[in-house]
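Look at the model first, then read on.

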Amino acid sequence: MVNKLKERYANTVVVLDFETTGLSPTMGERGIEIGAVLIENGKITDTFQKLMNPNRRIDSFIENYTGITNTMVKSAEPCAVVMEEFAEFINGHNLVAHNASFDKKFLDAEFDYANVNYKGTFACSMLLARRLYPLSINHKLGTLVDYKQLPTDGVFHRALADAQMTAHLWLAMLDDLNNDYSLGDVPFSFMKTLSRVKASEVPNYLKKQIK
């Protein structure tokens, strides 16, 4: 049975997404946009979106992929300023991202540059979707939006739009756990544990959580 005592629930989180100059901050790549959605008690209550000046040139591939140009970020606030604002937005909440290892790397790197930190922990909506939606042809965000018929304005690879779609996916997964297994108000730690359960064992694992 899921132990709900002294836990922060999974229905109150910050869902975030980075757009970046490249794949890895260890190679000197930087964030160019951050988007985030605050979910409180299962409802979207606030959003955050900022372009960031990475103090380096964005190559043409990234410009075409994201639609974010060098001209757009030239007048944006420096990354450190935006990260200080974003740390206030997080306000101790746990964090969710699609392919969270990518976003966590950049959040950690940008927070290090800005000398700020956060207290929450990360969960990955992509890993969870692989376990809850094994019949989806793949688990890219766009595919899952179609598979679950989630709200979207058709924009991809912009930080706030991707964060909003991920937030709707997160809420859909919580709804499905409640509807299919009577698991409502699950702790955030439960979602993290579920994301590491072997895919073939997920149905039996979830059945064991039912009272």
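A residue is called buried when its relative accessible area is under 20%, exposed when over 50%, and partly exposed in between (1.4 Å probe, protein chains only). The model is predicted, so local features need pLDDT of at least 70 and side-chain atom pairs count only at pLDDT 80 or more, while totals for chains, interfaces and linings use all residues. Residues are numbered from 1 along each chain as its sequence is written, and side-chain values use heavy atoms, with hydrogens and water left out.

**The sheet and two helices**

Helices (H or I, at least four residues) and strands (E, at least two) are DSSP runs, numbered from the N terminus. Two strands pair if DSSP finds at least two bridges between them. Five strands make up an open sheet with mixed pairing, in the order β3-β2-β1-β4-β5. Its edge strands, β3 (43-51) and β5 (122-124), each pair on one side only.

Strand β1 (residues 13-20) pairs with strand β4 (residues 95-97) in the parallel sense, over two bridges. V15 stands opposite V96 in β4.

For the angles, axes are lines fitted to C-alpha atoms, for helices over the stretch in contact, and angles run from 0 to 180 degrees between N-to-C directions. Contact means heavy atoms within 4.5 Å. Helix α4 (residues 100-114) lies across β1, β2 (31-40), β4 and β5, and runs at about 80° to β1. Helix α7 (residues 159-181) packs on the sheet and touches β1, β2, β3, β4 and β5; its direction makes about 30° with that of β2.

**Salt bridges**

Side chains of opposite charge can pair when their charged atoms come close. A salt bridge here is a side-chain nitrogen of Lys or Arg within 4 Å of a carboxyl oxygen of Asp or Glu. By this rule the count is seven, including the pairs in the table.

| Pair | N to O distance |
|---|---|
| E110 and R30 | 2.8 Å |
| K50 and E85 | 3.4 Å |
| D108 and K104 | 2.7 Å |

E110 in helix α4 and R30 in the loop between β1 and β2 are 80 residues apart. Both E110 and R30 are buried.

K50 lies in strand β3 and E85 in helix α3 (residues 79-90), so this pair ties together parts 35 residues apart in sequence. K50 counts as partly exposed because its relative accessibility is 27%. E85 is also partly exposed, at 25%. K50, E77 and E85 are linked in a network of salt bridges.

D108 and K104 are four residues apart in helix α4, so about one helical turn separates them.
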